[in-house]
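Welcome! Please take a look at the sequence and the model below, and then let us walk through them together.

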Amino acid sequence: MQLNNALSEIKFWASSVRDVYAAHKATWQVMGQSPDQTRHFHHDCNFLPSREGALITIRARPDHLPLESTPVKTAYEAGITLNFALSACASTRQTGTNREVPCLSRDQLVDWLDRHALRHGFQVDHPLLAADTQALPVVKPGHPVFFLNKAFYSGNLTVADSALFSKALTEGIGRHKGLGFGMLKIINTHNQ
């Protein structure tokens, strides 16, 4: 996804979506292919506890979304404190292999977030950080079902680098963004 200061989002209810791959397919059906054949959006998927549908949020440049899309602020000054939520595929590489291992303990989850926050222009307030995980199925026709571990974070962050932070809001954070992981959401602002 190309970095552009203008960013918008749409949300829609997908009653037949029950796993992350189905959300991926539903999102592509809404967005279509970009002229240059690249992924021109990113999305987030929140399932009902019973998995009987999901709320999907799609972010992209306004010219890729319907007119009723909502603008997303991406320009924040360094030093501002924001309340955030992030659903990411928090994982590490197993030592000596190329195998991906999910972060499960609070220490692993916090370490993952700290490393990514540094690269994306923000710092996290640890005492107020909530972190949890959930294994989500990926049901791809013709392939064995597998699971990706979705880490849910919420709390306060402080912007350290405005340009890097804007890029994180626009492009997402971490791996498996094509399957709906990595969307950084700002809930509200403080110190304004």
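Let us begin with helix α2, whose buried residues are Leu109, Val110, Trp112, Leu113, His116 and Ala117. Seen down the axis of α2, these buried residues fall within an arc of 160°, so they line one face of the helix. The arc is taken from the directions that lead from the helix axis to the C-beta atoms. Buried here means under 20% relative accessible area, exposed means over 50%, and partly exposed lies in between, with a 1.4 Å probe and protein chains only. Helices (H or I, at least four residues) and strands (E, at least two) are DSSP runs, numbered from the N terminus.

A word on what you are viewing: this is a predicted model, in which local features need pLDDT of at least 70 and side-chain atom pairs count only at pLDDT 80 or more, while totals for chains, interfaces and linings use all residues. Residues are numbered from 1 along each chain as its sequence is written, and side-chain values use heavy atoms, with hydrogens and water left out.

Back to α2. What covers its buried residues? The cover includes β5 (81-88), β6 (91-93), β8 (122-124), β9 (130-138) and β10 (146-159). On the face turned away from the buried side, you will find the exposed residues Asp107 and Leu118. The helix takes in residues 106-119, and at 1.5 Å a residue its 14 residues should span 20 Å, which agrees with its end C-alpha atoms being 20 Å apart. That expected span is 1.5 Å times one less than the number of residues. Just after α2 comes Gly121, with a positive phi of about 80°.

Now turn to a sheet. Four strands form an open sheet in the order β2-β3-β1-β4, with antiparallel pairing. At its edges stand β2 (41-47) and β4, each with a single partner strand, so one side of each is left without a neighbour in the sheet. Two strands pair if DSSP finds at least two bridges between them. Strand β1 (residues 8-14) is joined to β3 (residues 54-60) by seven bridges, and Phe12 stands opposite Ile56 in β3. With β4 (residues 70-71), β1 pairs over two bridges, and here Ser8 stands opposite Pro71. Five of the seven residues of β1 are buried, so this strand is largely enclosed by the rest of the structure.

Across β1, β2 and β3 lies helix α1, running at about 135° to β2. Axes are lines fitted to C-alpha atoms, for helices over the stretch in contact, and angles run from 0 to 180 degrees between N-to-C directions. Leaving aside residues up to four places away in sequence, Thr27 touches Phe41, His43, Ile56 and Ile58, where contact means heavy atoms within 4.5 Å.

Our last stop is α3, where Phe165, Ser166, Ala168, Leu169 and Thr170 are buried. After α3 comes Gly172, whose phi is positive, near 90°. Most residues other than glycine have a negative phi. His176, however, has a positive phi of about 60° although it is not a glycine. You can find His176 in the loop between α3 (162-171) and β11 (183-189), where this residue is partly exposed, with a relative accessible area of 24%.
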